[in-house]
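Please read them alongside the coordinates.

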Amino acid sequence: MVANLRTLALASACAGAALLAVGCGSKTKTKPPIQWQRNMYDTQRADPQEEYTWFPDDRAMRRPVPDTVPRGRSAADSTRPDPDLLAADDHLYRGLVDGKPAESFPMPVTRALLERGQRQFNIFCAACHDRAGSGQAIVPRRGLAPPPKLWDERIRKQAVGYIFQTISNGRATMPPYRHSIPPRDRWAIVAYVRALQASVGVPVDQLDPETRKKIQTVEMPQ
Ligand code: HEC
């Protein structure tokens, strides 16, 4: 009897040990439970801006290799991607023709382009410039220095390529938009800015009678 009990105890101990050895958890494991050789499991790692003594300059964040420009980044500001940097077409991507601000559009100006421009202008520009381009929208009213009226003589005279560059690179407190608006859309916006400019200061007698009647009820911002 005692021998039987002993056999039973031994058998259940062995079964328990066997169960432990195979591991009976139902969760998926990503690491082996026991690592004999930890090898690359425990590498030194670093967070951005941290000290990291493995490199001679003790910085975790690496700088670009000298005299190189990482693909898709500009040399001047190598931490932000410049989507236009490696594009070959100067007219389309930089608003330049022969190194000067382009006087023409790189694509035909169609009604569809203008409508696209209107939509993108209202999304990206109207918060500051106002839908009509008066510069008296919500953001300037809350403290930003007000932008000029987009129909100012000075801006009317600017080449379309110059306005394209203003949108791409920003100006003073106006942020750059080349990261958020693709080049074709920037051109569509330029076309729409031209349409806005053309819509202000048109002599009333050049309008068709129906429009003339309509504008008598509209007040233009000064
Ligand atoms: C955050 C507000 C803000 C937004 C959004 C904004 N602008 Fe401006 N913009 C300004 C300010 C402020 C100025 C005046 C900058 C200065 O002091 O020269 C300006 C100036 C301009 C000028 C005149 C530049 C010159 O030569 O004087 C143009 C053209 C222009 N913006 C177009 C746009 C277009 C198109 C968009 C949309 C893609 C846009 N802006 C979005 C604030 C903004």
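Two residues are in contact, or pack against each other, if their C-beta atoms, placed from the backbone, lie within 7 Å.

1. Basis. This is a predicted model: local features need pLDDT of at least 70, side-chain atom pairs count only at pLDDT 80 or more, and totals for chains, interfaces and linings use all residues. Residues are numbered from 1 along each chain as its sequence is written. Helices (H or I, at least four residues) and strands (E, at least two) are DSSP runs, numbered from the N terminus.

2. Confidence. pLDDT is the predictor's confidence in each residue, from 0 to 100. The protein chain has a mean pLDDT of 83, with 82% of its residues at 70 or more.

3. Helix H8. The 17 residues of H8 reach 24 Å from first C-alpha to last, close to the 24 Å expected at 1.5 Å a residue. That expected span is 1.5 Å times one less than the number of residues. A residue is buried if 20 or more other C-beta atoms lie within 10 Å of its own, exposed if 12 or fewer, and partly exposed in between; C-beta atoms are placed from the backbone. The buried residues of H8 include Pro 183, Asp 185, Arg 186, Trp 187 and Leu 196. Its buried residues pack against H2, H3 and H7. After H8 comes Gly 201, with a positive phi near 85°.

4. Helix H7. Of the 10 residues of H7, 8 are buried, so this helix is largely enclosed by the rest of the structure. Among them are Val 160, Gly 161, Gln 165 and Ser 168. The packing partners of the buried residues of H7 are strand S1 (96-97), strand S2 (100-101) and H8. Just after H7, Gly 170 has a positive phi of about 75°.

5. Core. A nonpolar core is a set of buried Ala, Val, Leu, Ile, Met, Phe, Trp, Tyr and Cys residues joined through C-beta atoms within 7 Å. The largest one has 20 residues, and Ile 189, Val 190, Tyr 192 and Val 193 touch the most other members. Helix H3 (111-124), H7 and H8 are the elements that give two or more residues to this core. H8 supplies the largest share, 8 residues. Neighbours within four places in sequence aside, Val 190 is in contact with Val 160, Ile 163 and Phe 164.

6. A residue is near a molecule if its C-beta atom, placed from the backbone, lies within 6 Å of it. There are 23 residues around the ligand, and Cys 125, Cys 128, Pro 147, Ala 172 and Met 174 come nearest. Helix H4 (126-129), helix H7 (160-169) and helix H8 (183-199) each give two or more residues to this shell. The shell divides into 19 nonpolar, 3 polar and 1 charged. Ala, Val, Leu, Ile, Met, Phe, Trp, Tyr, Cys and Pro count as nonpolar, Asp, Glu, Lys and Arg as charged, and the others, Gly among them, as polar.

7. Asp 130 has a positive phi of about 75° although it is not a glycine. Asp 130 sits in the loop between H4 and helix H5 (138-141), and counts as buried with 21 C-beta neighbours inside 10 Å. Gln 49, also not a glycine, has a positive phi near 70°. Gln 49 is exposed, with 8 C-beta neighbours inside 10 Å.
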